[in-house]
Amino acid sequence: MNDIYILGIETSCDETSAAVVRNGREILSHIISSQVRTHQKYGGVVPEIASREHSLHFEPVVQTALKEAKLGFDELDGIAVTYGPGLVGSLLVGVAGAKAMAYAARVPLLGINHLEGHVYANFLEAKLKFPLLALLVSGGHTNLILFQGHGDFKVLGRTRDDAAGEALDKVARALGLGYPGGPQIQQAAAGGNPRAFEFPRAMLEPQSLDFSFSGMKSAVLNTLNSARMKGVTLEISELAASFQQAVVDVLVRKTLMALAQMPVKTVVLAGGVAANALLRQTLKEELDKREVRLVYPKPLLCTDNGAMIAAAGYYRYLRQDFAPWTLNAVPGLSLA
Ligand code: KG4
Ligand code: ZN
């Protein structure tokens with residue numbers, strides 16, 4: 001079979017990224033232009049600024065990705081782009097750009113759900129066999145998803161309020177740590193006692209695979225406020241370590257509950273929070289005991305990137321599941 005070259009484009013939030021991936025596995029080039037510094041001074045992503053930054057960086061990022069892969073437009077087999085969920089203005093830059101390029105190059109356009117893309121980062125890491133249980137933990141989503149095959153998945157659980165990453169970001173902000181909060185919490189937690197504060201672990205109804213992080217987040221904010229009112233100073237490292245432990249405990253317990261309900265032998269981690277060292281280590285220890293394989297992407301492939309979009313695009317290309325030229329950005333796109 002001929003080699004298949006897919007250009008993947010990601011602009012759903014604050015990363016402008018393009019990558020060329022061969023046969024869904026091999027990254028030939030990968031460019032990520034991050035806007036984190038720009039948004040840091042506002043404590044979070046400012047949508048209007050994000051769209052403008054994507055417009056500025058889109059073309060150079062794509063050109064560099066093609067140049068580093070030593071490929072011309074005409075040598076691509078398809079162009080994959082995130083069309084949702086995400087910030088509408090940001091998504092539109094990628095979708096409009098990808099459509100224009102695919103039309104000009106006369107290659108298929110592949111529309112990718114950003115959440116599905118995160119899971120496909122694992123196919124860049126390892127050879128995987130279905131069925132797979134995916135724990136997707138990002139800034140906007142927290143899902144347990146059962147994958148029976150490519151494009152064949154079922155959402156088993158989702159967050160009913162804040163996403164795991166969102167809760168980490170909000171607690172980090174309250175603790176005076178910077179944005180994005182997840183990595184800051186991880187850093188601040190180093191050396192802190194994770195049992196210093198017993199924050200609640202929201203498990204919901206006995207068999208539920210849904211999540212809820214908003215009450216856990218509020219517990220930290222309440223602890224901080226009452227200490228402030230009493231003039232007591234709390235140790236940031238202990239608050240960070242205790243909250244990180246609470247979030248990880250819930251994520252791991254729910255994943256084990258899902259596994260107990262189905263005969264799945266591989267778990268994949270995906271999304272920005274999948275970069276968290278405590279989550280990786282704790283889940284690995286628990287899955288080893290159960291002889292279940294754990295796969296996670298390298299940290300760079302956990303957060304938003306074009307390579308995961310190209311990987312998801314490859315399998316869509318094989319199924320000839322091409323997007324129409326009318327493809328539009330869908331900011332609230334869900335998995336099912
Ligand atoms: O997947 P992602 O890059 O963007 C979305 O699609 O949302 O995820 C971003 C989220 C942020 O909430 C960030 O704080 C979190 O991932 N994150 C982490 C770590 N690195 C990024 N959370 C915990 N530990 C980390 N090392
Ligand atoms: Zn993401």
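Hi everyone. Let me begin with a term: by a donor I mean an N, O or S atom within 2.8 Å of the metal, and since water is not among the atoms, a site may look incomplete. Please also keep in mind that this is a predicted model.

So, who holds the zinc ion, ligand 2? The donors are NE2 of H114, NE2 of H118 and OD of D304, at 2.0 to 2.1 Å. Along the sequence, these donor residues follow the spacing H-x3-H-x185-D. H114 sits in helix α4, residues 114–120, while D304 is in the loop between α10 (299–302) and α11 (306–318), so this pair ties together parts that lie 190 residues apart in sequence. Are H114 and D304 buried or exposed? Both H114 and D304 are buried.

Now let's step back to the whole protein. You can count 11 helices and 10 strands in it. For 336 residues, a compact globule would have a radius of gyration near 20 Å, and the protein's value of 20 Å agrees with that. Along the principal axes, the C-alpha atoms fill a box of roughly 65 × 45 × 30 Å.

What about the inside? Of the 336 residues, 56% count as buried. If we take contacts between residues at least 6 apart in sequence, 73% of them join residues at least 24 apart.

Key:
Residues are numbered from 1 along each chain as its sequence is written. Chains are lettered from A and ligands numbered from 1 in the order in which they are written. This is a predicted model: local features need pLDDT of at least 70, side-chain atom pairs count only at pLDDT 80 or more; totals for chains, interfaces and linings use all residues. Side-chain values use heavy atoms; hydrogens and water are left out. Donors are N, O and S atoms within 2.8 Å of the metal (3.2 Å for Na, K and Ca); water is not among the atoms, so sites may look incomplete. Helices (H or I, at least four residues) and strands (E, at least two) are DSSP runs, numbered from the N terminus. Buried means under 20% relative accessible area, exposed over 50%, partly exposed in between (1.4 Å probe, protein chains only). The radius of gyration is taken over C-alpha atoms; the globule rule is 2.2 Å times the number of residues to the power 0.38. Contact means heavy atoms within 4.5 Å.
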